[in-house]
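Visitor: Could you take me on a close look at a single part of this structure, the place where the chains come together? I would enjoy one connected tour.

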Protein chains: 2
Amino acid sequence: MTPGPGIARTPLPQGFTAGGVNSGVRKYRPDLGVIVSDRDCVAAGVFTTNECKAAPVRYCMEILPNTNIRAIVTNSGQANAATGEEGERNNLRLVKATADSLGLKPGQVLVASTGVIGHQLEIEKIEAGMPILAASLGTNAEPFALSILTTDLVPKTLTSTVKLSGGEIRITGISKGSGMIHPNMATMLGYILTDCAVPAELARGLLKDVNQKSFNMISVDGDTSTNDCAFFLANGASGVGLATDADFKKFKKALTEVAQALAKAIARDGEGADRLIEVCVKNAPNQAMAERAARGVTVSPLIKTAMHGFDPNWGRILARLGAEQVPAAALDKLTLEMQGVKVFVDGAPVPFDREAVRNLLKAETVRLEVDLKSGTAEATAWGCDLSKRYVDINVDYN
Amino acid sequence: MTPGPGIARTPLPQGFTAGGVNSGVRKYRPDLGVIVSDRDCVAAGVFTTNECKAAPVRYCMEILPNTNIRAIVTNSGQANAATGEEGERNNLRLVKATADSLGLKPGQVLVASTGVIGHQLEIEKIEAGMPILAASLGTNAEPFALSILTTDLVPKTLTSTVKLSGGEIRITGISKGSGMIHPNMATMLGYILTDCAVPAELARGLLKDVNQKSFNMISVDGDTSTNDCAFFLANGASGVGLATDADFKKFKKALTEVAQALAKAIARDGEGADRLIEVCVKNAPNQAMAERAARGVTVSPLIKTAMHGFDPNWGRILARLGAEQVPAAALDKLTLEMQGVKVFVDGAPVPFDREAVRNLLKAETVRLEVDLKSGTAEATAWGCDLSKRYVDINVDYN
């Protein structure tokens, strides 16, 4: 994962270029970025389930899945949500300006927006910035990753190289998100690019499965955004395909790892957060309950504040599990570990060294593990602690 | 509503006495209280839907509804939740000690606990305090109301006098609650007492209806407690009953008003809160959606922080309504008012005086009104703003 701007370099898969510039919408930071493929991509997307969908989300839902996508343009600062018909028109202008500056057809361009809800895009500034953006394209992910940030502190990029039977392929993941994070379909914005040749029939199912174990399992504040989307683009530029079952498994595993790393980076960079909270619920009666229980713990403001203060308050975790309808029979026998220390065993509290656990809870990543002993389903969710800085950031964000 | 200890006096209905003392469990504040009726009461209760139910909750669910209840004992500081069989035994000892000191049978005593989850009751201290408690009984609600507080800043009591066809009756409401407030059945603790004669068959239905429009419509932090309960006790000591339909309507209306006043007082006293947020969703397609939408807005950390900073950020409200599955068709025509000022009309933003609305949002009570124009259902929910003090209070609460 990129530790910060200007330090690491994340190479894109073959055939992809990307760039990011300031078009003047935001004062100092880059606010307009694009990812371009030199050939047609198999493309899939997953989108917010929020009924208040931004114009770019509605547009992408219309044209995906698709097999001749060439670019994704993204602006930051203005979400183009709750902007009515003018928002729709501006979204089409953004798509057209991108296509024009890259010599593509509008139907080959995907679009995402992030920022304040309810403000119209400053489309003239964006259109004027487009030729500069088109001239800025390079083979690393960072300039694009920086251009899509809002309250994020760090860009989130990652490239994984996978050896398949036919040769090496690359998967690059890019994401943003820091607040209004409780995806129910996708995260704020996620992009997964590969030069592997992926059959169109597989693309959407792959993204859906991967998304359910990554972006859909994070929460910063329980607020589901109007603009969430995750894209998957495969351009086949490596000349390597998924030839065998082993290839497919290897590829899916790598894809999941990339998506999970991006998802965790978003939770870790949650507004005002000091640490990543990883919650694993094991041996649940079914998958839905495992997921709901794990997510429920990451969402609870009482658990989030306790984690902020290194407080091994297991009672709040039990209470939340019960509120998520984990059955009383499971609560009566569960075991709960904090950073590997058992604090509640077989349904009853056990003595533990409180000061030692407090110290363990000061780590960068805190792992809470719940064993329900009631089945075989398992899920992991990621969240972050709740600090006073979250309040500072959100009292007047415009 | 009582503004603070020692200022107002809230008389109990006829036949009721109450008291509160310090039994030594908590350092300075009273921690043990009891409400007593001089004759049998028709009694009903509603309880948390959390699967992790405290011992006192399980006990009361067992013996209610009932027609010969004489007392409710309540301890604060220890919730007696997640305490296993020892917790059950301690709960029965608490009930027996109360019955013994008041000359009642154990089956006539209800019990509620509030405080830290997972600690065993210091039952010997409580038993030793019981005779002192029994000797402290008086005809005002305050000593009891003070003894049940945890992080609350103010006691919450209210007496309403209602003229029925047969004469006057009184309804007294008492509640506590400040954190882990997102009741799903009842609030943290609510007690509604009346000297009206109420048929046993009506009691539970009345409480259920009233609860759904009051305690079930508040939220401080979205965390549902293990100990939530609301009790309704009617002892008939006034000699006045519900003789006519008009009496019933009048009584139910007064009961609802008492419960709503208590519920609003809990939300207003939410941990770290500066103000009460009242959210009214009108003209929804159905009741469930009206309630879910109104509650959703009160739960959103992003809206709560915006309200803390007087920020008229209507975009976050729209986003939350969409996340609560208010259909896009309704979002496209809704009107949203903040403190009576229209900021979004017929599905589109309208210009408004931002500074003027900021000033209006500084009030003690902020009202957000959403007109969905899609039906006739209506619901009001209450919450509070989210401040840095919430984080302070919850980083290490033990």
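Guide: A salt bridge here is a side-chain nitrogen of Lys or Arg within 4 Å of a carboxyl oxygen of Asp or Glu. With that in hand, look at A:K388 in this predicted model: A:K388 forms a salt bridge with B:D392, and their closest N and O atoms lie 2.9 Å apart. The rule finds two salt bridges across the interface of chain A and chain B, along with 15 residue pairs in polar contact, both partners being at pLDDT 80 or more.

Now to the elements behind this contact. On the side of chain A that touches chain B, at least two residues each come from α8 (301-308), α9 (314-323), α10 (328-331), α11 (354-360) and α12 (388-394). The largest share, eight residues, belongs to α9(A). Sorted by class, that side of chain A holds 22 nonpolar, 17 polar and twelve charged residues.

As for extent, 51 residues of chain A are in contact with 51 residues of chain B. Between them the two chains bury about 3900 Å², of which 57% is on carbon and sulfur atoms. A:K388 returns here: together with A:E51 and A:L302 it supplies 15% of the area that chain A buries against chain B, more than any other three residues.

Finally, the symmetry. Chain A is superposed on chain B by a rotation of 180° with 0.0 Å of shift along its axis, at an RMSD of 0.0 Å. The two copies are thus related as by a two-fold rotation axis. In chain A, the C-alpha nearest that axis is the one of A:K388, 2.4 Å from it. Both copies use the same surface, as 100% of the contact residues of chain A recur in chain B.

Terms used:
Residues numbered from 1 in each chain as written. Chains lettered and ligands numbered in written order. Predicted model: local features only at pLDDT ≥ 70, side-chain atom pairs only at ≥ 80, totals over all residues. Heavy atoms only, no water. Least-squares fit on C-alpha atoms with pLDDT ≥ 70 in both. Contact = heavy atoms within 4.5 Å. Buried area = accessible area lost by both parts, 1.4 Å probe. Polar contact = N/O pair within 3.5 Å; in protein donor to acceptor, adjacent residues only side chain to side chain. Helix = DSSP H or I, 4+ residues; strand = E, 2+ residues; numbered from the N terminus. Nonpolar A, V, L, I, M, F, W, Y, C, P; charged D, E, K, R; others polar.
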